[in-house]
Amino acid sequence: MSHSPPSGLAAVSDALLAMSRHLEVRDVLKTIVASARELLDAEYAALGVPDDHGGFAQFVVDGVSDEQWKAIGPLPRQHGILAAMLHEAKPERLADVRKDPRFEGWPAAHPDMSDFLGLPIRDGDEIIGALFLANKRCLKPQGGCGFTAQDEELLSILAQHAAIALTNARLYERSRELTIAEERSRLAHELHDAVSQKLFSLRLTAQAAAALVDRDPARAKGELQQVAALAAEAVDELRAAVVELRPAALDEDGLIATLRTQVQVLDRAHTAKVTFESLGVRALPAAQEEALLRVSQEALHNALRHSGAEQVDVTLARRGSGTVLRITDDGSGFEPTATRQVGRHLGLVSMRDRASGVGGRLTVESAPGKGTTIEMEVPGG
């Protein structure tokens, strides 16, 4: 079957429009990569955004299946040809990437690539990423590269627009974070003012009651009733503020849907396989749902960032009259009793606090080289 790529100005225009339509950074990156591969009729395309530690903050590929991508393993480091693109900052058009002196090999599951076109993405003087294309679908000139000077020119137009789209998406994400932070800060302020005033009144009224106990018991009783009323108001103020601070997704979707979405996102973003299963759990009180969500986030962060796990499983299930959240990984594990420092480092202290704060309990099973299981059990559900 003959394959003819989209051509001409209309195709380029479509690609550029698609890039600017997205507001999330990852969506923008995916669109850029898919557009580049399609426009230049290549088998593979990738885009890397460098981090500050010699690796990639994000690396998006097109033309590689999810299974292949998982099999390839961790994200590449900035070395070989990839590093050249980021540090020498000039286009590279190669007939056979494997024969380049800078080529340093790739993992066993990596697809084989020959002709190669790479280009830095610049924002002013800063290199904010690099676009890579491999294996142009065409008859190659003898010993030459399938990618042409026109391809390079087209990719440089895409790269310029990619820089704008990427910068805009980053600004959007930053502004959204700021909005949330400002909102929380405002709420914290209001909460502090309201509750401080209530507690100040409480203290004065309690002192007045104490002074009156011997002299005028009837009036003291009235003051103590006032103390009870003020305390009830303070509790209501706190509850209202906490409801406002709860993660929106929980309110709209409930714990199970929120956990499922979170796990799907993490499964896509990490090389480890992350799964979620829910067994017969109904809705729980809001405070318990939030505590369970926070503990799962902390435990998943540990498993994916620190343990080197290849498989992480999250289950939410009924147990007797209660509900149990279990996060199991096959990572490096640790000695739970070894040091308080490990507990602090992995957020175990805050997880335990969250569990006990809603009448639940947290148990941790782990050993070096044996993976980790964290369970949080709460009554109800």
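User: How do I read burial along a helix, and which residues of α4 are buried?

Analyst: Start with the terms. Helices (H or I, at least four residues) and strands (E, at least two) are DSSP runs, numbered from the N terminus. Buried means under 20% relative accessible area, exposed means over 50%, and partly exposed lies in between (1.4 Å probe, protein chains only). Helix α4 covers residues 80-87, and seven of its eight residues are buried, so the rest of the structure largely encloses it. The buried ones are Gly 80, Ile 81, Leu 82, Ala 83, Ala 84, Met 85 and Leu 86.

User: What kind of model is this, and what are the ground rules?

Analyst: It is a predicted model: local features need pLDDT of at least 70, side-chain atom pairs count only at pLDDT 80 or more, and totals for chains, interfaces and linings use all residues. Residues are numbered from 1 along each chain as its sequence is written, and side-chain values use heavy atoms, with hydrogens and water left out.

User: Which residues form the aromatic cluster?

Analyst: Phe 56, Phe 59, Trp 69, Phe 116 and Phe 132 form one cluster.

User: How are pockets and cavities found?

Analyst: Rolling a probe the size of a water molecule over the atoms shows where empty space is left. On a 1 Å grid over the protein atoms alone, a cavity is a set of points where a 1.4 Å probe fits but cannot get out; a pocket is an open set with protein on both sides within 12 Å along at least five of seven lines; lining residues have an atom within 4 Å of a point. Grid points are joined across faces, edges and corners, and a volume is the space filled by probe spheres set on the points.

User: What volume does the largest pocket have, and which helix gives the most to its lining?

Analyst: The largest pocket has a volume of about 1700 Å³. It has 46 lining residues, and Val 265, Leu 266, Arg 268, Ala 269 and His 270 are the closest to its centre. Helix α7 gives the most to this lining, with nine residues. For residue class, Ala, Val, Leu, Ile, Met, Phe, Trp, Tyr, Cys and Pro count as nonpolar, Asp, Glu, Lys and Arg as charged, and the others, Gly among them, as polar. The lining of the largest pocket holds 22 nonpolar, 10 polar and 14 charged residues.

User: Which residues are closest to the centre of the second largest pocket?

Analyst: That pocket holds about 560 Å³ of space. Of its 30 lining residues, Phe 59, Pro 76, Leu 82, Trp 106 and His 110 are the closest to the centre. β1, β2, α3, α4 and β5 each supply at least two lining residues. By class, the lining of this second largest pocket has 22 nonpolar, four polar and four charged residues.

User: Which residues line the largest cavity?

Analyst: Its volume is about 40 Å³. The lining is Arg 319, Arg 361, Thr 363, Glu 375, Met 376 and Glu 377. Strand β10 (372-379) gives the most, with three residues.

User: Is Asp 151 buried or exposed?

Analyst: Asp 151, in helix α5, counts as buried at 9% relative accessibility. Its side chain joins that of Lys 136 in a polar contact of 3.2 Å. A polar contact is a pair of N or O atoms within 3.5 Å; within protein, one must be able to donate a hydrogen and the other to accept it, and residues adjacent in sequence count only if both atoms are side-chain atoms.

Terms used:
Phe/Tyr/Trp six-rings, centres within 6.5 Å; stacked < 30°, edge-to-face > 60°.
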